Amino acid sequence: MFSAVYNTLRPFLIYIIVTITFLSISRLGLSLWQIERFNGITSITTLFTNGLRIDLSTVGYLCAIPALLHPWLTNTRFRQRWFGFLKLWFFAGASAVIFFELVTPAFIIEYGFRPNRLFIEYLAYPAEISKMLVNGHLETLVIVLILLLISGIYIWKGLAKILVINPIQTSVCIRDSTASFLLLFLTILLCARGTLGHRPINPALVYFSTDPLVNSLTLNSTYSVAYALNQFGDEKNAAKLYGKMEEKRVIELIRQATKIPLSSFVNSELPSFSIRKSTYQGPPKNLVIILEESLGAQFVSSLGGIPLTPELDKLNAEGWAFKNLYATGTRSVRGIEAIITGFTPTPSRSVVKLDKSQKDFFTIASLLQGYGYENQFIYGGESHFDNMKSFFLGNGFTDIVDFNDIKNPQFVASWGVSDDDLFKQADIELTKLNKRKNPFFSFIFTSSNHDPFEIPDGVIQPIKYTDHQLQKYDKKELLRHKAIQYADYALGEFIDKAKTRSYWENTIFIVVADHDARAMGSDLVPINNFHIPGVILNSGIGPKLDERVVSQIDLAPTLLSLMGVEIQSPMLGQDLTNPEAANRAMMQYAENFAYINDNKVTILQPNKPPLNFTYDHDNGALSSSEENKELSEIALSHVLWGTIAYEKGWFKLENSNYK
């Protein structure tokens, strides 16, 4: 009996041992690469102990289906077909594990942790992603494919050796098959669940560090992507991640934080809907928002960064600039969400991509539409990317200008036309809008400063680096710097031209980044990598360097106030023309949420108690502090609010149909 059971279990035992060994070696290599992120031998030991649990869970799920069938089919007349299926199944699983581990280093370099939900989201746009990979990551792509091919050959040969089809053994009885089944079932069940507790293993159970990358290394990349995919169809409920709070208390706290008088909240069915008077009381002004791709404050010398943006520095010196402006996230659609809708960040995808927000969801365009504004989106690439076109057309925008509308561009990159071509088209569009005499809102989104950083030759001169800087920056980072210089050049050319046009006279401009280039570091939320530039031009305020802590969600109410538009909206952002506006910002980093009030910070993690810190805005240092229950409660209310408002259809204009 023992021999028969062992022969039945043998292929699975070998497959599990080999897979676990490979994942452990991969984790070891990644850990040695990032060894400076670990706090001694204890953290490394914990990493491998918790990582083993995740790896066992991974192979448990990979083997679950064949393990349940194998004992009953291995000794039947169907065994040849079954072993053929089993070989293909094992091969596919092993190839997937190897593939995800091979792409992990490149993903960590770019995003600061293992492949996750972002990896899946990008797969929805194969044309754009394939261009980016071929033009900017060809070497990595070739290496991954070669290693995958070589490993595939060895895996196939190895499977042929362990999946040996023996003659039918008449001595193998139902008792042996049952014993094999029960052993496999229990083994796979325990591996997959990873715990004897009520809930199966999940990332929160094995995370142990305050460093997001170290926590990410506890997983393997197959598990990380599979977990993200499992969560994809069911948008994350903040209460399940961070804890519950009575709805009434959430509403009370988020209202208090806006600094808006309670009498201004005029609709009991829309708890955040308020009416605020604008600071400017003259004829309504036009608005142009220029959203700069991936431009962190670290690249802006007037904000303490390296000198890559002389044109933006000039604008900061003449307009209303913000010294401590923070993005709400790390992706463009999160920045669009904050700036165009004023919606607070959540652990779910941006509302730009969610189903229930594709129509009658509040945006400043939908508000301005009621005041007779013409609302336009101008983008140098394909506007369908990240679902932008659908979201904009369903929520107040009436005109989309994208790649196909820009005639005879001088330079086309992977993500669309160059910023110079984009701004030339923007000048044409703004001139046409201005001639129609209706007020207008134009949203211009750049793309030249995006990986693989393709820009026209001979336009800019790279800055001179010290030897120390050349050692600090790799080849890709130097390409990024050139792209930033070019984007800044194109911006300066456009603003200089705009100042000579008739549309400048009655138009407020804002230049703001969607997010920083990269958000990574050893902090639970690398706040310094959420620091972005923002400057309002031609508003009547400035030159001024505003030193308050400001969030992207504060920009929309502020712009409406400067335009002379009564702010009738569900937005929680503050009108920064009010000197009493609070110093606060909020940001979502993967599944971690940070709320900043002046220099005090609360960070929320899934299924863990809140942590409190002090943040030095000048040097970007985050240090632990004593418990702050009040700030922790305010932080929780804000991260819960987004989920509640979205699910209940509260983020809309009073007369819209959004539910």
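Axes here are lines fitted to C-alpha atoms, for helices over the stretch in contact, and angles run from 0 to 180 degrees between N-to-C directions. Helices (H or I, at least four residues) and strands (E, at least two) are DSSP runs, numbered from the N terminus. The model is predicted: local features need pLDDT of at least 70, side-chain atom pairs count only at pLDDT 80 or more, and totals for chains, interfaces and linings use all residues. Residues are numbered from 1 along each chain as its sequence is written, and side-chain values use heavy atoms, with hydrogens and water left out.

Helix H19 packs against helix H13 (residues 310-318) at an angle of about 45 degrees, and the two axes lie 7 Å apart. H13 is therefore oblique to H19. Angles under 35 degrees count as roughly parallel, over 145 as roughly antiparallel, 65 to 115 as roughly perpendicular and the rest as oblique. Pro310, Glu311, Leu312 and Leu315 form the H13 side of the contact (heavy atoms within 4.5 Å). H19 contributes Asp488, Tyr489, Leu491, Gly492 and Ile495. By class, this contact has six nonpolar, one polar and two charged residues. Ala, Val, Leu, Ile, Met, Phe, Trp, Tyr, Cys and Pro count as nonpolar, Asp, Glu, Lys and Arg as charged, and the others, Gly among them, as polar.

H19 (residues 475-498) also meets helix H17 (residues 419-435). Their axes come within 9 Å and cross at roughly 20 degrees. H17 and H19 are therefore roughly parallel to each other. Their crossing is right-handed. A crossing is left-handed if the near helix is turned anticlockwise from the far one by less than a right angle, and right-handed if clockwise. On H17, the contact is made by Asp419, Asp420, Phe423, Lys424, Ala426, Asp427 and Leu430. On H19, Tyr486, Ala487, Ala490, Leu491, Phe494 and Lys497 take part. The contact of H17 with H19 has eight nonpolar, no polar and five charged residues.

Helices H2 (residues 40-73) and H3 (residues 79-111) form another pair. The axes come within 11 Å and cross at roughly 165 degrees. H2 is therefore roughly antiparallel to H3. The crossing is left-handed. Leu62, Cys63, Ile65, Pro66, Leu69, His70 and Leu73 in H2 meet Arg79, Trp82, Phe83, Leu86, Trp89, Phe90, Gly93 and Val97 in H3. This contact has 12 nonpolar, two polar and one charged residues.

The second largest pocket has a volume of about 820 Å³. On a 1 Å grid over the protein atoms alone, a pocket is an open set of points where a 1.4 Å probe fits, with protein on both sides within 12 Å along at least five of seven lines; lining residues have an atom within 4 Å of a point. Of the 26 lining residues, Gln298, Lys472, Asp516, Asn528 and Asn529 are the closest to the pocket centre. Strand S3 (320-326) and H19 are the elements that give two or more residues to the lining. The lining divides into eight nonpolar, 11 polar and seven charged residues.

Several loops carry backbone features. The peptide bond from Asp451 to Pro452 is cis, with omega near 20 degrees. Pro452 lies in the loop between strand S8 (440-445) and helix H18 (467-472). A cis peptide bond also joins Gly542 and Pro543, with omega about 5 degrees. Pro543 is in the loop between strand S11 (534-537) and strand S12 (544-551). Asn408 has a positive phi of about 50 degrees although it is not a glycine. Asn408 sits in the loop between strand S5 (399-401) and strand S6 (412-413).

Note on methods
Points joined across faces, edges and corners; volume = space filled by probe spheres on them.
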